[in-house]
Amino acid sequence: MLGPAPGPPAAHVPYAGESSVPGAAGHKFDVPVDGPAKHTNDPYVTGTSVLGIKYKDGVLIAADTLASYGSTIRYKSIERLHKVNDHTLLGASGEISDYQYISNLLEELATDDFNHDDGLQLNPKEIYAYLTRVLYNRRNKFDPLWNSLVIGGVKNGKSFLGVVGMIGAAYEDDHVATGFGNHLARPIFRSEHRPDMTEDEGVALLEKCLRVLYYRDKQSINKVQVAKVTEKGIEISRPYALASEWSYQAFVDPTKGAEGSW
Amino acid sequence: MAAVMVEEAAGFSFDLCRRNASLDKLGIKPPNVRKTGTTIVGVVYKDGVVLGADTRATEGDIVCDKNCEKIHYIAPNIWCCGAGTAADTENVTGMISSTLELHRYSTGRRSRVVTALTLLKEHLFKYQGHVSAALVLGGVDNTGPHLHTVYPHGSTDTLPYATMGSGSLAAMAVFEAKYKENLTREEAIDLVASAIKAGIFNDLGSGSNVDVCVITKDGKEMLRNFETPNPRTYNRSKGYVFPRGHTPVLSSSVKKLGDLVTVEDASPAAGELEAMEVDQKP
């Protein structure tokens, strides 16, 4: 028996805001509305965790390049890390179409900035505040943008790192994560992160967490991008694979000496 | 093996489910179950198995026991960490432990981990997940060290490292980052303690102290409260012992019991006791 078809998710699909972890808060937007307008309250094409940390020279943000359609691996080369302006980077998880809409909004903001023709750009905190208001207002209309966004940037020597969820809850911290990253990566951040890490140490920490996510998050692939934001500007790496270990002897022959178990 | 004394009706008895449904309809809410929110872990190392657990027990949102014991005895060489409903984990491990002890008398051998595993999973499957016990079972027998997870519905896994409970993701993140093959005893204990601490500090259902149990072919070493990373920070300078006379006595009255009831000495006279059948010589 193959189970339900992997295509259009008719029934419930685990989405960015929910997980099957007992006790983790899930989000439901089931509003019984009889009127003609029907808005989207279920995500379809989704990206998984985004991780962000502050380090010595600025901010590092990482994500894999997968967009899933329910439990299908649909698009394997989606760039979920987006340059907003010379100082700010956005990392998006959740519904990809909503992320694209948000990118367009930010593009309009950047165009406005350009048209002022004064050489000034919005700083990361302003982008973060703007996105918080957008997400919160949509949530109040029971028509959320189904995303969790990480905003990171450096301007005038000050680093900024924050995260906004689809219900409009927002906070800043030295290390942030969305989705499964909250459960798998943040414990590691809490014990190993230091704000004065070098770039190599920071990337190593992010890769360690991305590897754990690849092992334990069903909706992830081994193709990741890491972006660096410093005073000098933004560099987004090309996608690459992480080394992973699959051949422990105990996994190859688990029931050796324990015949009758499985 | 486990001789069935009473004829059991086949399958699960749904009588109580009917009763619960009718109570529910009357609006009577069941009491909050005492759960062990929990982070429990196990690791196989070079010479044996190391089990670890936190010590917080919760009833809903209240911590009802700040230092409970979640590593249960199954046999001298087999121990089991339990997550889920505390009554279920305590009783299911107690039942299987008793069954195994009788089995040992019958076979004359040390118990095997797979035996405990099979007894546990058959019991839990029979109750279709209603016995809410999620276990990490570890031990060393004559076939070597073994580590298993048992889920409430009765499925099991055989693993080199395992975590269960609400803090399992935090603990598994530590394992996936730091596990390697052929750990030494110190490395294994260190790894287990880090994983439990990740659960304690990152999961609200887990807290207080770290318990560790090391099992090798030579025996077990129970390290209760191996680490206490959450000590009480305030200590009353005068201490907490209140000497006699501290509390003023306002009034006292004494009533002799002999005035109210008749007290008879019912102990048998010497030589009157009849020996029990068991004590009589054949």
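**Exercise 1. Find the residues that B:Thr38 is in contact with, leaving aside its neighbours within four places in sequence.**

Step 1. Work with a predicted model here: local features need pLDDT of at least 70, side-chain atom pairs count only at pLDDT 80 or more, and totals for chains, interfaces and linings use all residues. Residues are numbered from 1 along each chain as its sequence is written, chains are lettered from A and ligands numbered from 1 in the order in which they are written, and side-chain values use heavy atoms, with hydrogens and water left out.

Step 2. Apply the contact rule, heavy atoms within 4.5 Å. The partners of B:Thr38 include B:Asp54, B:Lys70, B:Gly82, B:Met164, B:Asp203 and B:Ser206.

Step 3. Locate B:Thr38: the loop between β1 (34-36) and β2 (40-44) of chain B holds this residue. Strands (E, at least two residues) and helices (H or I, at least four) are DSSP runs, numbered from the N terminus.

Step 4. Check the record. An unreviewed UniProt entry annotates B:Thr38 as "active site"; UniProt positions are given in the numbering used here, feature names are shortened, and annotations may be inferred rather than shown by experiment.

**Exercise 2. Decide whether B:Thr38 is buried or exposed.**

Step 1. Recall the classes: buried is under 20% relative accessible area, exposed over 50%, partly exposed in between (1.4 Å probe, protein chains only).

Step 2. B:Thr38 counts as buried because its relative accessibility is 0%.

**Exercise 3. Describe the salt bridge between B:Asp54 and B:Lys70.**

Step 1. Look for a side-chain nitrogen of Lys or Arg within 4 Å of a carboxyl oxygen of Asp or Glu. For B:Asp54 and B:Lys70 the N to O distance is 2.9 Å.

**Exercise 4. Examine a salt bridge of A:Asp174.**

Step 1. A:Asp174 pairs with A:Lys54, their closest N and O atoms being 3.8 Å apart.

Step 2. This pair links distant parts of the chain, 120 residues apart, with A:Lys54 in strand β2 (residues 50-55) of chain A.

Step 3. A:Asp174 counts as partly exposed, because its relative accessibility is 29%.

**Exercise 5. Judge the confidence in chain A.**

Step 1. Chain A averages 88, and 85% of the residues score at least 70.

Step 2. Note residues 1-25 of chain A, where pLDDT stays under 50.

Key
pLDDT is the predictor's confidence in each residue, from 0 to 100.
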